[in-house]
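Ready for a few exercises on strands, rings and a helix face? Have a look at the model first, then work through the solutions.

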Amino acid sequence: MTVEKVYTIKEVSQLLKVNVNKVHQFRKSGLLKCLNLGSFRVRESALQEFLEKYDGMDISDPENVRELM
């Protein structure tokens, strides 16, 4: 059995170079899949899926996702 890497919200914010609150906005809006293990965690595959799905998109406002101009 292989265990997938799991990131904390803080680790995700550091990887994406955004603040922790922005990652929570992505989570709350449903853009970034998370799991709760006492605190929120993001599977490596969920982070990869997020990056691929929203590549070329403006997600600075998670409630108003749109294509980059």
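**Exercise 1. Work out how E3 pairs with its neighbours, beginning with the partner of Leu 35.**

Leu 35 has Arg 41 of E3 as its bridge partner. Before going on, note that this is a predicted model, where local features need pLDDT of at least 70 and side-chain atom pairs pLDDT 80 or more, while totals for chains, interfaces and linings use all residues. Numbering runs from 1 along each chain as its sequence is written, and side-chain values use heavy atoms, with hydrogens and water left out.

Step 1: strand E2 (residues 35–36) runs antiparallel to E3, with 2 bridges. Strands here are DSSP runs of E with at least two residues, helices are runs of H or I with at least four, and both are numbered from the N terminus. Two strands count as paired if DSSP finds at least two bridges between them.

**Exercise 2. Find the aromatic pairs and say which rings they link into a cluster.**

Step 1: searching the whole structure gives 2 aromatic pairs. Rings of Phe, Tyr and Trp (its six-membered ring) pair if their centres lie within 6.5 Å; planes under 30 degrees apart are stacked, over 60 edge-to-face, and the rest tilted.

Step 2: Phe 26 and Phe 50 are a tilted pair, 5.1 Å centre to centre with 45° between the planes. Phe 26 belongs to helix H2 (residues 20–28) and Phe 50 to helix H3 (residues 44–53), so this pair ties together parts 24 residues apart in sequence.

Step 3: Phe 50 and Tyr 54 have ring centres 5.5 Å apart and planes at 55°, so they are tilted too.

Step 4: put together, the ring pairs link Phe 26, Phe 50 and Tyr 54 into a cluster.

**Exercise 3. Which residues of H3 are buried, and what covers them?**

Step 1: Ala 46, Leu 47 and Phe 50 are buried in H3, where buried means under 20% relative accessible area (1.4 Å probe, protein chains only).

Step 2: viewed down the H3 axis, the buried residues fall within an arc of 100°, so they line one face of the helix. The arc is taken from the directions from the helix axis to the C-beta atoms.

Step 3: the cover includes E1, helix H1 (9–16), H2 and E3, with contact meaning heavy atoms within 4.5 Å.

Technical notes
Buried means under 20% relative accessible area, exposed over 50%, partly exposed in between (1.4 Å probe, protein chains only).
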